[in-house]
Structures are given as C-alpha cells and as structure tokens.
Amino acid sequence: MEQVYDAIVVGAGIMGCSTAYHLVKNNQRTLLLEQFPLPHTRGSSHGQSRIIRRAYGTEGDHFTEMMPEAYKLWNTLQRDSGTPLFRRTGILFCGTEGEPFMTDVPKSLRKHSMSFTSLDSSALREKYPMLRYPSDTVAVEDQSGGILFSDKSLAAFQKEFVKNGGTLRDNEPVVDVLPGDIVIVKTNNGSYRGRNLVLTVGPWATKVLPTLGVQLPLKAVRVGVFYWKEKIPGTYGVDNFPVIIQEFGSRHNHYYGIPCHEYPGLFKFCYHLGPEVDPDNRDDVDESWVLKKTSACVENNFPLLEPVPAIVESCIYTVTPDHNCILDRHPTMRNIVIGAGFSGHGFKLAPVVGKLLCELVMNRKPSYDMSPFRIDRFHKSSKL
Ligand SMILES: Cc1cc2nc3c(=O)[nH]c(=O)nc-3n(C[C@H](O)[C@H](O)[C@H](O)COP(=O)(O)OP(=O)(O)OC[C@H]3O[C@@H](n4cnc5c(N)ncnc54)[C@H](O)[C@@H]3O)c2cc1C
C-alpha cells in the first residue's frame, strides 16, 4: 500500500520550502513537489538578494508585527544551516515631506517601539551626497534593515527540510489534484496521497486555484530587475550605502535599490510594478516602458550611475488588490491550505508564513491574527 503523507506541499519557492521545513520540524511526514529542476529562475524566489526590513506603513502594520519573529527565524535557519543569509546595511525610505509614504513608516515603527532616525532634506543631502532628490525630500533610516541572500535562503530551507526527513522531488509538475479526506496528487511521474495539501505555487496560483473552484483577484506581474554601473567604483557599495526604498506621489513612482554586492560595481535598482503576464509565457510581453521609466529615475536621482542598465533580469510578482497575501484554507475543501499573492514583498516574511501555513495544516491556533489574509475578504461585499 502506498504511503500517506501528513502533508504534500506543491511549489518549492521560498513559501513552499519554508512551510515544508516547519512541517517536518513538527514531525509531519511531508512531500515537497516542484515542477522545475531546482534551482530555477522561472518563479518569484530566484536571484541573489531580497530586502529585509521591519518597517511597513500603517496599512501593513500586521507585517511590522511579524518581523521580529521573522528575523529570529532567519537567524535560526542561518545557524542551523551554517550559511550566512543576511547582511545588515540599514534601509533608507525617501519621499516627499508630509506624504503618507513618509509619515506611515515612522508611525508603524513607533507603535512597535522600534528605533529609527529621521533625516530632513539638508541632513539627507549631507549624509548621502550621491543622491539627487527634489528639495522637499526627507528620509527615514531603519538600521535593522538589509539584504537577505535569497538563493542561499532557498537552498538552506531545502537542505534543512531534507536533513529533517522531508522528501523533495523536483522536475515533477503536479498535473491533477483529486480532493477528499485523503487528497490524491498526480504528477507527470506518479501519484501521491496526503492527509493535507498545501498549495504554494507562486504566480501559477492564477492558473491552479481556479481548477479547484477558487476564484481570487490575483495578477501575475513581470518585474524587470536592472543592474546599473557605478561611474565611480564604491559610491553605492554595500560597505557604505544602504538599501533604498523611494516613493514620490504614489505607488506608481515606487522604486527600490540594493547596494552593489551581487555583481561588483553594479547597483540593483528596480520599479515596483510591471505588465501582467501568463507565468508560462512571461517573456511574451512588452516591458520597454518599465525600463524607460526606471532609466529616467536613475538619471534624475542617482547621478553617479550610468543610466543604461548593464544587466537585465526578470522575476514575477503575484499581486492582490490590497497587497496582503492569502494564507487560508480552501473554502470547502478544508484539508487544502493556500499560500499565495505575496505581492512583491513576501520573501522576508517567509519563515513566519511557513509557520502559519504549518499551523493551518496542523489545526493549531495561528500565532497571528489571520483576518488580513483570509480569502473571504475579497467576497465580503458580494451578495452571492
Ligand atoms: C524582482 C522581485 C523582487 C522582490 N523583492 C523582494 C524584497 O526585496 N523583499 C521581499 O520581502 N520580497 C521581495 N519579493 C517578493 C518575494 O520574492 C516573493 O513574494 C516570494 O518569492 C514568493 O514566493 P512563492 O514561494 O510564493 O513563489 P515562487 O517562488 O514562484 O514559488 C512557487 C513555486 O511553485 C512551483 N509550481 C507552480 N506550479 C506547480 C505545479 N503545478 N507543480 C509543481 N510545482 C509548481 C513553481 O515552479 C515555483 O517554484 C520580490 C519579488 C520579485 C519578483
């Protein structure tokens, strides 16, 4: 008789790997299935770096609340795997004085008794002369922020999962799911049985969830990842320059930058939006407007960078209308748990997300208020 897993996790991006890791740590017999050979660059979790920060605006206050535990769990993973996963650089939020983007972040940090420094426009110019912003630009500096080594984090979760008894099968796309008390999961290579199923399929949630009767307002969005060459080596280097998040006027002018460390002398600077795509055909879309917009921003704000990117890569965000993720059970098939819609900011939260999805599988009381993450928030006004 075929074995029955306590949980089958579909998707070995950062959320699936973290969930599978928490499940085996809690003695659950767990199978983690991934459609592509690992590592791959077709989803949302590839690349060398992601920003980690405690600070969210007031709309994301529930994420600020989770961050102390996220830092703690990243440290545990770092220690257990023996792999450095984090580099502290500090993080600088820049924007127009008085705008919500610049008032909400300190409000949320203050509420959670987290320290930060405010820089007025002249202090900002004095401390960072390599930035050129409009004269009414102010900044908030959070020294706890920095860079997560995303490729190493993913590999560390996978290694710890297998070390603790988990089964990882890559190059094995799930092609069908037969719900029931025992869920049957069919792949290109066979079929598996599980008491619980976790779907952490990243941008493929737009395709997989409707086949299980779950309609969610999710959008897969292609994001250009651009690296810009320093005109003077060391100007925006990881030893003397922080991570930057800037927003002027609205989310449509939201960018982030990571100091040179992935590729020597290249500063990573990207726009936070992009065109909607089909994850199976993500290169079949015109993103020239993103490059043009980002290039203009680099030219205006980073005078010591060449305004033409030296390297162009890409990645996919899975965006929800409120930019909150979905961490919930399937509305009718209660042993199917869904983690989706991490909206371009989920990586840093992955250890806590994995813990919460594991708690849902194990029917434990969740460690945080789950109301911002429920599926029914999208249907509250519906009369259906
Ligand atoms: C350019 C970019 C920059 C970002 N920057 C930051 C940042 O600075 N800080 C931050 O916190 N977050 C950031 N994020 C967001 C973060 O990276 C994502 O929220 C996170 O990686 C989402 O992970 P995931 O596991 O949900 O998705 P994925 O990584 O896409 O994983 C889903 C996996 O499921 C697999 N899969 C899908 N369908 C099947 C199937 N049928 N069978 C088997 N396997 C399947 C896929 O192949 C994939 O490996 C960024 C994202 C991008 C794209």
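Biologist: Why are helices H2 and H8 called roughly perpendicular to each other?

Modeller: The axes of helix H2 (residues 61-81) and helix H8 (residues 350-361) cross at roughly 100 degrees and come within 7 Å. Angles of 65 to 115 degrees count as roughly perpendicular, under 35 as roughly parallel, over 145 as roughly antiparallel and the rest as oblique. H2 and H8 are therefore roughly perpendicular. The axes are lines fitted to C-alpha atoms, for helices over the stretch in contact, and angles run from 0 to 180 degrees between N-to-C directions. Helices (H or I, at least four residues) and strands (E, at least two) are DSSP runs, numbered from the N terminus.

This is a predicted model, in which local features need pLDDT of at least 70 and side-chain atom pairs count only at pLDDT 80 or more, while totals for chains, interfaces and linings use all residues. Residues are numbered from 1 along each chain as its sequence is written, and side-chain values use heavy atoms, with hydrogens and water left out.

Biologist: Which residues make the contact of H2 with H8, and what is its make-up by class?

Modeller: Contact means heavy atoms within 4.5 Å. H2 contributes Met 66, Glu 69, Ala 70, Leu 73 and Trp 74, and H8 contributes Ala 350, Pro 351, Val 352, Lys 355 and Leu 356. Eight of these residues are nonpolar, none is polar and two are charged. In this scheme Ala, Val, Leu, Ile, Met, Phe, Trp, Tyr, Cys and Pro are nonpolar, Asp, Glu, Lys and Arg are charged, and the others, Gly among them, are polar.

Biologist: What makes S6 and S17 edge strands?

Modeller: The open sheet of eight strands has the order S6-S7-S5-S14-S15-S16-S13-S17, with mixed pairing. Strand S6 (117-119) and strand S17 (305-319) each have a single partner strand, so one side of each lacks a neighbour in the sheet. Two strands pair if DSSP finds at least two bridges between them. From one strand to the next, the twist averages 20 degrees.

Biologist: How do you know that S15 and S16 pair?

Modeller: Strand S15 (residues 254-258) and strand S16 (residues 266-271) share four bridges in the antiparallel sense, and at least two are required. Gly 257, for instance, has Phe 269 of S16 as its bridge partner. Helix H7 (residues 288-301) packs on the sheet, touching strand S13 (219-230), S14, S15, S16 and S17, and its direction makes about 125 degrees with that of S16.

Biologist: What is the order of the open sheet of three strands, and which are its edge strands?

Modeller: The order is S3-S8-S4, with antiparallel pairing. S3 and strand S4 (86-88) are the edge strands, as each pairs on one side only. S3 and strand S8 (residues 146-149) have four bridges, and Ile 51 has Ile 147 of S8 as its bridge partner. H2 packs on this sheet, touching S3, S4 and S8, with its direction at about 140 degrees to that of S3. Helix H5 (residues 150-163) touches S3 and S8, and its direction makes about 45 degrees with that of S8.

Biologist: Which residues come nearest to the ligand?

Modeller: Of the 35 residues around the ligand, Glu 34, His 40, Ser 45, Ile 51 and Cys 315 come nearest. A residue counts as near if one of its heavy atoms lies within 4 Å.
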